[in-house]
Amino acid sequence: MDRTAGCGAQRVRTGGLRCRARWVVAAVLLILLASVVPAFAHAGLVSASPAPGAGLPQAPAAVVLRFDEALNLRLSHVDVDDARGREVGVGATRPVAGDGLAMQRRLGALTPGVYTVRWTSVALDDGHVLHGSYRFGIGTAPTGAGSVAAGPTATEGWAGLVGRWAGLLGLLSWTGTALLARRAQQAGVPAARIGAVAVTGPVMALAGLLGAAVSAAEIATGRMGTVGTLLTAGASGRWRLAGLVLPAVGVAVGAGWRAGRLRVLRWSAVGVGAGGLFAEAASGHAGVAAHPVPATLVLFVHLLAVAVWVAAIMLGVLAGRRAIAVLAALTPAAVMAAVAVAATGVGNAAQQLSDWGQLTGTGYGRAVLGKAAALAVMTVAGLSHYWLRRRRVPRPRGVRVAVRAELVAAVTAVAVASALVGYPDPPRAATVAAEQAAGRPPLAALASRPAAAVAAGAGPYVLGWSLSPPRPGRVRVELTVVGAQPGDGLRDATFTAHRTDGTTSVRTGLRPCGFGCFTGTATVTSAGRWTTAVSVRGNRGPATATRSLPLPAPDGRADFARMLTAMGRLHSLRMDETLRGSTTGPAVLTHYRFAAPDAMAYSIAGGGSAVLIGPDSYHRDGPAAHWQHDRGGFPFGWPTAFYRSEFQPAAAIRVLRADSEVVELSFVRSDITAWFTLDLDPHTFVLRAMHMRAEGHLMDDTVTATDQPISIRPPTGSGRRAPAMHPRTGMHGARKLPPAGRMLYGQRPRRPAAVRGSGRDGRWLRGAEASPARLMNGLSVS
């Protein structure tokens, strides 16, 4: 018995058991390999300045865009058009110093109106192209949201898709034929036809892949001549170039094969063809996966299995009247290849789709269904000609029809697979990318681990850093830079610490962990009081902040609870507040008076005033303005639950100092990304001072008196009605109270109709408030 015919010829007595065992082992290995799948990625937009839909009071100096992948800056570009479609950008698209994920385009002197930003990103790692656009306004707010063109035709173009399909089909048929040539020729396929495939396969691959590369260059830049740049930039481009060189070598190998030197060149053709398939696998998504080597190998195995399956079908068609004999000889190899294709394909789809609904609800899922349908047709056609061959009286004509149908289905499956490459991130990867882009609140992790967190203003930023655990030994340092813009190019972050007695010092570099995030580890050698400092460089200059804290830092939750209890027992309080948008920004000075159980009054130096008494609210815009009154708004109350709402949810509560003079607590609120420091009376635990640091919000409150007689009465001459005031949001119609109220309660005000500009986080600017510095810093105070 010929044991080379495969398992079908071995199913006798003991040999059948060994054959089935090999099939089971192969299936298990393929399923395990399929679980290591590539992480699909494109360079998607994650932040922009100006932001999409923003209305600015004056023209920005440049448009800065930041993406979630490194950019091929020789092909990526930004265009900015006015309402008439005229280009208003100055010079070429440039990189952002220190940030390989960003690009910028300078702007000239722009007049009021609506402007459209059109961008094209080419990922450095995988070479994929995305196009998008959005609008912003100067002196007006545009309508409509931005858009991203991310379908296969938008990212590859029709010519590119056809070229990729032809190139992949050529690679598959060429490599698979080289692997099966000997057995196929022994079964009756004419040598001349095998030789013809050995030549046409690499020619087809070379022409198709070159056409796809030229199309990708034209889609990215509008010029076909930039294909050289595409093929030499990044690992993806170099693998793509290798994928063109190998088919060119294959043409020469195929010509010699066709000339009759089969034994000499067949294995050369196998090696060159397999190399072409490996280059195709490495040039795409698998090459930039979290684990690129196993991901590329899995995809290579998948393509190699497809090559064997497709070649077995094609050789059955080329066999003509010898089709039955050829198919019988090649069926074992084809069946094993089909199992490999199914295992790796199902495993990959399961990893890329989060639920069954995404099969029909997303373009990627529908393409997967199309490919699965084509593979199902191949399977049915294969079973059909197998049944027709195994009948007592074989039906050669029916066999030939079935195998041709299987070949058509195979060509269709390859076409759909080529289109899948051009889709944006599959649903699961897109979800992960969106979560990474949006990110968790920067301080959210501090609620679940022991840490001490402090912050300080530094130029246009707030630098907040945490030490976890807050005791001597190896600690994790995490720096959050609040107020960073897409074009800042933050880099070279460091952490230093030294004991206040000068005996020991520590210095460590911090690595990026996201936009405005840096992390690292340091070893604190001994207990004591340490002066810690963080620094970071950016395109707006360096920023440095310093704070002192003890290590170990005691748990402050008990003292925090005593403070809340003490503040809840007060009858009255006076407080002075200084509010700035940055360390060098102008100060807003406000004096507050509180009286239990439901009264508050405040006055802004040189500005407005307000009085809240239960459900009644009164306000005026200036010292000489008339009071306006409204009844029926949200009732104000103090101090019951007031400070709990102001300071909670609190995390990382630590004691920074505790002596006969003061108890100093630090904590964070992750919901509004704010750091707090409280100075408490060491005997009564009543608040003496509060310092808050958040984006565009450097606030220092000093309590000047408690439990002294305070009279808060409705002002005279307040007969005219005004819009209702919400005491927690600080909003009074289209007017606003000091932003402290909004930030303290984590509330975001509804946007008034008179808005001229908006920040990235929803804060608003009106008229003369929106100076260039405040726009840059996200400042929202007047």
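Where is proline 649 found? Proline 649 sits in the loop between helix 15 and strand 24. This is a predicted model, in which local features need pLDDT of at least 70, side-chain atom pairs count only at pLDDT 80 or more, and totals for chains, interfaces and linings use all residues. Residues are numbered from 1 along each chain as its sequence is written, and side-chain values use heavy atoms, with hydrogens and water left out.

**Overall make-up**

- The chain has 17 helices and 34 strands. Helices (H or I, at least four residues) and strands (E, at least two) are DSSP runs, numbered from the N terminus.
- Of its 782 residues, 53% count as buried. Buried means under 20% relative accessible area, exposed means over 50%, and partly exposed lies in between (1.4 Å probe, protein chains only).
- The accessible surface is about 33,900 Å², and 59% of that belongs to carbon and sulfur atoms. Areas come from the Shrake-Rupley method with a 1.4 Å probe; for residues, only the protein chains shown count as cover.
- Take the contacts between residues at least 6 apart in sequence: 62% of them join residues at least 24 apart. A contact means heavy atoms within 4.5 Å.

- Strand 12 (residues 473–482) is mostly covered, with seven of its 10 residues buried.
- Strand 11 (residues 461–468) runs antiparallel to strand 12, and seven bridges join them. Two strands pair if DSSP finds at least two bridges between them.
- Strands 11 and 12 form a hairpin with four residues between them. In this pairing, leucine 467 stands opposite valine 477 of strand 12.
- Strand 12 is also joined to strand 15 (residues 517–524), antiparallel, by eight bridges. Here glycine 473 faces valine 524 of strand 15.

**Strands 13, 16 and 17**

- Strand 13 (residues 491–499) pairs with strand 16 (residues 528–537) over seven bridges, in the antiparallel sense. Threonine 494 stands opposite serine 535 of strand 16.
- Strand 16 pairs with strand 17 (residues 543–551) over nine bridges, also antiparallel. Alanine 533 stands opposite threonine 546 of strand 17.

**The disulfide**

- The count comes to one disulfide. The criterion is a pair of cysteine sulfur atoms within 2.5 Å.
- Cysteine 513 is joined to cysteine 517, S to S 1.8 Å. Their link is left-handed, with -80° about the S-S bond.
- Cysteine 513 is partly exposed at a relative accessible area of 37%, whereas cysteine 517 is buried at 15% relative accessibility.

**Helices**

- Helix 8 (residues 292–318) has 27 residues and should span 39 Å at 1.5 Å a residue; its end C-alpha atoms lie 38 Å apart, which agrees. The expected span is 1.5 Å times one less than the number of residues.
- Just after helix 8, glycine 320 takes a positive phi of about 65°.
- In helix 14, Asp559, Phe560, Met563, Leu564, Ala566 and Met567 are buried. Seen down the axis of helix 14, its buried residues fall within an arc of 165°, so they line one face of the helix. The arc is that of the directions from the helix axis to the C-beta atoms.
- On the other side of helix 14, Arg557 and Ala558 are exposed.
- The buried residues of helix 14 pack against several elements, including helix 15 (642–647), strand 24 (651–658) and strand 27 (687–694).
- Isoleucine 219 belongs to helix 4 (residues 191–221). Isoleucine 219 is partly exposed, at 22% relative accessibility.

**Backbone points to check**

- The peptide bond from glutamine 648 to proline 649 is cis, with omega near 10°.
- Serine 49 and proline 50 are joined by a cis peptide bond, with omega about 0°. Proline 50 lies in the loop between strand 1 (45–49) and strand 2 (55–56).
- Alanine 652, in strand 24, has a positive phi of about 55° although it is not a glycine. Alanine 652 is buried at 10% relative accessibility.
- Phenylalanine 685 is not a glycine either, yet has a positive phi of about 65°. Phenylalanine 685 lies in the loop between strand 26 and strand 27 and is buried at 6% relative accessibility.
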